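Below is a short report on one protein chain.

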Amino acid sequence: MRFHTIHLPSINLIDQPINTNPLWDQIDEVVAIKEGFCWPAFLFSMVWAIFYRLWIYVFYLVAINSIVLILIFQFGANHLVIFFSLMVILILFGYVANDARRSNLRKKGFFEQIIVIAPTKNTAIRRYLDICVVRR
């Protein structure tokens with residue numbers, strides 16, 4: 001089982017009719033983000049960052065990779081050193097990728113609601129909705 005954080009967009013309750021549940025209006029926008037290492041971000045770092053519109057991280061990846069490659073070529077390192085240095089960058093990005101997504105959602109106005117234990121993201125969203133229905 002994995003931990004997932006559930007994020008909901010902020011809503012304006014003034015515009016909501018009195019007898020409606022604002023959660024049902026947000027159901028399509030609920031986002032679950034897994035805690036821990038992100039394998040897709042490790043394997044497809046640039047594509048993953050572009051897909052989630054993390055533009056600053058795309059810039060950081062390009063800049064850091066370029067600087068590391070230039071420095072390595074200046075010192076005349078072999079291909080094994082180049083491979084391991086780029087792998088370290090990808091591993092570090094895999095560890096911070098989900099946190100980057102959380103901070104990007106926070107900037108867009110999403111709020112972290114709860115931490116749910118579930119095997120998949122969809123199951124985490126379903127469990128969150130079950131919790132909300134039981135509480136009301």
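The text that follows describes a predicted model.

**The chain as a whole**

The protein chain contains 6 helices and 3 strands. Along the sequence, these elements come in the pattern β-α-β-α-α-α-α-β-α. Three overall values are listed here.

| Property of the protein chain | Value |
|---|---|
| Share of the 136 residues that count as buried | 35% |
| Share of contacts with a separation of 6 or more that join residues 24 or more positions apart | 72% |

**Helices H4 and H5**

Two packed helices are described by the angle between their axes and the distance between the axes. The axes of H4 and H5 come within 11 Å and cross at roughly 165°. An angle over 145 degrees counts as roughly antiparallel, and H4 and H5 are therefore roughly antiparallel to each other. The crossing of H4 past H5 is right-handed.

On the H4 side, the residues that meet H5 include Leu61, Ile64, Val68, Ile72 and Phe73. Among the H5 residues that meet H4 are Val81, Ile82, Leu86, Ile89 and Phe93. The residues of this contact comprise 13 nonpolar, 3 polar and no charged ones.

**The loop at alanine 77**

Helix H4 spans 55–75 and helix H5 spans 79–107, with alanine 77 in the loop between them. Is alanine 77 buried, partly exposed or exposed? Its relative accessible area is 28%, so alanine 77 is partly exposed. Setting aside neighbours within four places in sequence, alanine 77 is in contact with Ile72 and Ile82. Ile72 belongs to H4 and Ile82 to H5, and both take part in the contact of these helices.

Terms used: Residues numbered from 1 in each chain as written. Predicted model: local features only at pLDDT ≥ 70, side-chain atom pairs only at ≥ 80, totals over all residues. Heavy atoms only, no water. Helix = DSSP H or I, 4+ residues; strand = E, 2+ residues; numbered from the N terminus. Buried < 20%, exposed > 50% of the residue type's maximum accessible area, 1.4 Å probe, protein only. Contact = heavy atoms within 4.5 Å. Axes fitted to C-alpha atoms, helices over the stretch in contact; angles between N-to-C directions. Parallel < 35°, antiparallel > 145°, perpendicular 65-115°, else oblique. Left-handed = near helix turned anticlockwise from the far one by under 90°. Nonpolar A, V, L, I, M, F, W, Y, C, P; charged D, E, K, R; others polar.
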